[in-house]
Amino acid sequence: MNHPVLSNPRIDKTPGRLSVAVIAKNEADRIPMLLKSAAFADEIVVVDSGSDDGTPEICSRMGAHVVFHEWAGYAAQKQFAMSLARSEWILNLDADEWLSGPLTDEIKTAIQTASPDIRGFSMPRLSRYLGRWIRHGGWYPDRKVRLVRNGSGQWAGEGLHERLAVKGHVGRLNAPILHDVYRNISEQIDTINQFSDVYARQQTAEGWFVAIGCLHAIGKFLECYAYKLGFLDGIPGLVIAMNSAWYVFLKHAKVWERSKIQKTADR
């Protein structure tokens, strides 16, 4: 489902102004890094969906404009955050991300010098996991479109992945967004469980899906660890490859489980 582009009548069309749009819930331990790195922006908007760890208070103290909005799904929530931004340009960040110094410099230059036909910019994302920056295994460069002219972007996608679609030409920045992808292995496993549930609800299949899942899981491990050089990331690279394979198997197994439950219900 696509969400309509929301137009903010209070947009300040002064060239080169920047708003940062963030969605958050219980990110008190991570969002201060984002806010510090984005302090150069003309405005920071944080849409909170019900934190109970002090996230809204921290954001307000650090100069952000905080708005409560009931959780509506990733794409809809991010679209709502963008609708509140008042600057010519909007930078979309997740609460576990922050800006590298070189990227900050690139953004400042880009929004001042971009030609009118450029409606957005993509940039790579570099993730840190288990104390290590992950540069292999398919995790980098992980390029994302995050910087967009106000009114030219629309968040789309449901469930597993959302993306920012831009109406017009998209330029490329070279320095990375920095990303604390998971706090620990348990959080990665929780995410795998959540995403495999979403995947299974969207699929139908027979029992052979589990056998196919085994083959796909083996292929995924080899892809991440060998073909995409995950072994160069040490033990974290091995954990990533194993968990990626486990996710592939688990989503196939859950599809089979749901089909079995459905058949029993239909009898």
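Predicted model: local features only at pLDDT ≥ 70, side-chain atom pairs only at ≥ 80, totals over all residues.
Figure 1. The peptide bond leading from Y140 to P141 is cis, and its omega is near 15 degrees. D142 also has its place in the loop between strand 8 and strand 9. Although D142 is not a glycine, its phi is positive, at about 50 degrees. Most peptide bonds are trans, and most residues other than glycine have a negative phi. D142 counts as partly exposed because its relative accessibility is 25%, which falls between the limits of 20% for buried and 50% for exposed.

**Figure 2. The loop between helix 6 and helix 7, with L229.** L229 is found in the loop that links helix 6 (208–227) to helix 7. This residue, L229, is not a glycine, yet it has a positive phi of about 65 degrees. With a relative accessibility of 35%, L229 counts as partly exposed.

**Figure 3. The contact of helix 5 with helix 7.** Helix 5 (residues 185–201) and helix 7 (residues 234–266) have axes that come within 8 Å and cross at roughly 35 degrees. The crossing of helix 5 past helix 7 is right-handed. On the helix 5 side, the residues that take part include I185, I192, F195 and Y199. The residues of helix 7 that they meet include V239, W246, Y247 and L250. Sorted by class, this contact holds ten nonpolar, four polar and five charged residues.

**Figure 4. The largest nonpolar core and the surroundings of V46.** The largest nonpolar core has 30 residues, of which I31, V46, L91, I107 and L147 touch the most other members. At least two residues of this core come from each of strand 1 (18–24), helix 1 (31–37), strand 2 (43–48), strand 4 (89–94), helix 4 (101–113) and strand 6 (118–123). Beyond its neighbours within four places in sequence, V46 is in contact with V22, A24, I31, L35, C59, A64, H65, V66 and V67.

Figure 5. The protein contains seven helices and 13 strands. Its radius of gyration is 20 Å, close to the 18 Å given by the globule rule for 267 residues, so the protein is as compact as a globular protein of that length. Along the principal axes, the C-alpha trace spans about 60 × 45 × 40 Å. Buried residues account for 50% of the 267 residues. Of the contacts between residues at least 6 apart in sequence, 76% join residues at least 24 apart.

Methods
Residues numbered from 1 in each chain as written. Heavy atoms only, no water. Core = buried A, V, L, I, M, F, W, Y, C linked by side-chain atoms within 4.5 Å. Buried < 20%, exposed > 50% of the residue type's maximum accessible area, 1.4 Å probe, protein only. Helix = DSSP H or I, 4+ residues; strand = E, 2+ residues; numbered from the N terminus. Contact = heavy atoms within 4.5 Å. Axes fitted to C-alpha atoms, helices over the stretch in contact; angles between N-to-C directions. Left-handed = near helix turned anticlockwise from the far one by under 90°. Nonpolar A, V, L, I, M, F, W, Y, C, P; charged D, E, K, R; others polar. Rg over C-alpha atoms; globule rule 2.2 N^0.38 Å.
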